Amino acid sequence: MNLLTIGLTEKIMNDFLAIKQSEELIIGRVALEHKHMYRVWTEHGDLLCEVSGKFNFEALSREDYPAVGDWVMLKPRTNEGKGTIYSVMPRFSKFSRKSAGRTAEEQIVAANVDTVFLVNSLNDDLNLRRIERYLLLTWESGANPVIVLSKADLCENIEEKLAEVEAIAFGGVPVIPISAEMMSGIEQLNPYLLPGKTVALLGSSGVGKSTLTNRLLGDEKQAVKDIREGDDKGRHTTTHRELIQLPNGSVLIDTPGMRELQLWESSEGLTETFSDIDELAENCRFRDCKHNDEPGCAVALAIAAGTLPAGRLTSFNKLQKELAYIERKADKRAQTEEQKKWKNVAKQLKQKKKIK
């Protein structure tokens, strides 16, 4: 496999050479994550890999483990079709969300992604607030967002829907309506699907990501079920994140539909996603204006004038509170990880003394 066509850059290779400690070690890219195992693309082909004992011992959190899209340093056992992962290369981007449950833990959905296709269906399920949430996390990830509006063939008021989405797509975010079934609009995605570049498909369950993947591949690799009658939703069948190489050499990461998308440390993404509110706030009378009942609030004046939808401010406030909560939980988690780190150090010193 030519690693350059699947995203290997000069910087990633230089990072690998800088930390490489043995000629036996090679570089590869995580294509699929199994339970405690990883399918890795290498110059020797696909290898089924696990992390080394030292890697497992030193990992402090879920973030430290390989994710789909990661470049890793491994020792291959080509005669077995297996290998051992010793290190994860520095990521230039990562799309993360808070993992399900009450704990404040990061779940990396896709790593080393250049562009994120935020797929939303042009039917009754189109949700502007959900798109804002996806945009926020994409800006924070370091990748560039593209809003893809699927099932355009099922939408009767497409111009109206486009206007609604474009009104929240600040920062020059492209908004592209497509119909994978009718093969219309898909050519507008080609500028982002280039050899050596990685695109992640993200969106809720049933919005048509698997159908789009099949159209881009030119075959029916991803299983797709018919649209349900009554709500125009597809029956989503992708169950795992996976790297897929397209015929032109670009790489696609297809992901399962997300039932919930909880934020993860996205303060910068909040500014990018709500740049309209940020710019209006510059003209508020008070620097710490909360845009509630303060006099001279430029945001409130814009809402009253009809130039800013009230729902936009409601969404901004909600996401801001959610981020503050996550930050408090993350601080507690950081303290716990620091304690774990020193316990590991103490354990190692104790073992050394026993050996002596």
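Visitor: What volume does the second largest pocket have?
Guide: The model is a predicted one. In it, the lining of the second largest pocket divides into seven nonpolar, five polar and five charged residues. The volume of this second largest pocket is about 420 Å³.

Visitor: Which residues that line the second largest pocket are the closest to its centre?
Guide: The second largest pocket is lined by 17 residues. Of these, the closest to the centre are Glu33, Tyr38, Arg62, Tyr65 and Pro66.

Visitor: Why are the buried residues of helix H8 on the same side of H8?
Guide: Helix H8 covers residues 298-305, and Ala298, Val299 and Ala302 are buried there. These three lie on the same side of H8 because, around the axis, they cover an arc of only 105°.

Visitor: Which exposed residues does the face of H8 turned away from its buried side carry?
Guide: Buried residues of H8 include Val299. The face turned away from that buried side carries residues that are exposed, namely Leu301 and Ala304.

Visitor: Which residue with a positive phi follows H8?
Guide: H8 spans residues 298-305. The residue that follows H8 has a phi near 85°, and this residue is Gly306.

Visitor: What percentage of the residues of the protein chain count as buried?
Guide: The secondary structure of the protein chain comes to nine helices and 15 strands. Of the 356 residues of this chain, the share that count as buried is 47%.

Definitions and conventions. Residues numbered from 1 in each chain as written. Predicted model: local features only at pLDDT ≥ 70, side-chain atom pairs only at ≥ 80, totals over all residues. Heavy atoms only, no water. 1 Å grid on protein atoms, 1.4 Å probe; cavity = no way out; pocket = protein on both sides within 12 Å on 5 of 7 lines; lining within 4 Å. Points joined across faces, edges and corners; volume = space filled by probe spheres on them. Nonpolar A, V, L, I, M, F, W, Y, C, P; charged D, E, K, R; others polar. Buried < 20%, exposed > 50% of the residue type's maximum accessible area, 1.4 Å probe, protein only. Helix = DSSP H or I, 4+ residues; strand = E, 2+ residues; numbered from the N terminus. Arc of directions from axis to C-beta.
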